[in-house]
Amino acid sequence: MGLVVAGCVLVIQEDLWGHRNILSKCHAGDFFGEPYAASPGAVLNVSVVADEDCEIILLNVQRLLVSCPIVCEHHQKLIRNLVGVLANKILILNDKITHVGKRTTRDKLLSYLSSVSIRQASLSFDIPFDRQQLADYLCIDRAAMSSEISKLQKEGLIKTNRNHFELTVCNDTDSGIKM
């Protein structure tokens with residue numbers, strides 16, 4: 001598995017036709033590849049690509065999972081931390097499934113933006129993706145996504161500038177985002 005020391009990477013899946021699905025974006029301090037490293041024989045169907053200049057440390061998970069003969073406290077803490085990292089990855093992928101499981105581009109966008117807003121406890125926030133990356137993350141066509149973002153802005157539901165978004169909250173169930 002890898003540890004991002006500096007910079008950031010994208011964990012992606014690509015099919016035979018070059019369609020890209022971004023699974024996650026990892027920044028300094030984040031791990032990648034741990035589910036594959038911890039599952040001997042798992043088919044590696046992802047790639048990790050640098051999104052900017054980065055520094056990576058590769059770790060041998062099998063050595064981390066086998067306790068040393070004296071069962072030291074540091075090793076136990078390392079294993080507990082690895083389990084925490086894996087649990088967090090499950091939560092992140094569960095969120096992604098929630099977003100991409102929506103039927104329309106609009107619903108996928110609103111689900112994602114609402115989730116980021118809740119996670120950051122603010123109606124004004126930056127997302128970690130540029131527009132193409134966001135489309136790849138949500139598994140939608142970029143042009144359709146851009147069109148939907150324009151519609152949402154015209155309806156007054158969002159304001160956006162590049163990767164910065166502001167959500168508008170209203171109590172009407174037909175428009176706006178309820179919080």
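**Entry: the model.** I note that this is a predicted model, in which local features need pLDDT of at least 70 and side-chain atom pairs count only at pLDDT 80 or more, while totals for chains, interfaces and linings use all residues. Residues are numbered from 1 along each chain as its sequence is written, and side-chain values use heavy atoms, with hydrogens and water left out.

**Entry: β8 and β9.** I looked up strand β8 (residues 158–161) and its partner, strand β9 (residues 164–167), which pair in the antiparallel sense over 4 bridges. Helices (H or I, at least four residues) and strands (E, at least two) are DSSP runs, numbered from the N terminus. Two strands pair if DSSP finds at least two bridges between them. I then read the turn: β8 and β9 form a hairpin with 2 residues between them. The covered face of β8 holds Ile 158 and Thr 160, and the uncovered one holds Lys 159 and Asn 161.

**Entry: two residues with positive phi.** I found Arg 162 in the loop between β8 and β9. Arg 162 is not a glycine, yet has a positive phi of about 55°. Is Arg 162 buried or exposed? Arg 162 is exposed, with a relative accessible area of 70%. The terms are set by relative accessible area: buried is under 20%, exposed is over 50%, and partly exposed is in between (1.4 Å probe, protein chains only). I also looked up Ala 121, in the loop between α4 and β7 (124–126). Phi of Ala 121 is near 55°, a positive value in a residue other than glycine. Ala 121 is exposed, with a relative accessible area of 72%.

**Entry: the sheet β3-β2-β5.** I traced an open sheet of 3 strands in the order β3-β2-β5, with antiparallel pairing. Its edge strands, β3 (20–27) and β5 (47–50), each pair on one side only. The twist averages 30° from one strand to the next. Strand β2 (residues 8–14) runs antiparallel to β5, and 4 bridges join them. I noted that Val 9 has Ala 50 in β5 as its bridge partner. Helix α5 (residues 131–138) lies across β2 and β3, running at about 115° to β3. For such values, axes are lines fitted to C-alpha atoms, for helices over the stretch in contact, and angles run from 0 to 180 degrees between N-to-C directions.

**Entry: the sheet β4-β1-β6.** I traced another open sheet of 3 strands, in the order β4-β1-β6, with antiparallel pairing. The edge strands are β4 (31–32) and β6 (55–58), each pairing on one side only. Strand β1 (residues 2–6) pairs with β4 in the antiparallel sense over 2 bridges. Here I found Leu 3 opposite Phe 31 in β4.

**Entry: α4 and α6.** At what angle do helix α4 and helix α6 pack? I read an angle of about 70° between α4 (residues 105–120) and α6 (residues 142–154), with their axes 9 Å apart. That makes α4 roughly perpendicular to α6, a term for angles of 65 to 115 degrees. I listed the residues in contact (heavy atoms within 4.5 Å): Thr 105, Arg 106, Leu 109 and Leu 110 in α4 meet Ala 144, Met 145, Glu 148, Ile 149 and Leu 152 in α6.

How values were computed. Angles under 35 degrees count as roughly parallel, over 145 as roughly antiparallel, 65 to 115 as roughly perpendicular and the rest as oblique.
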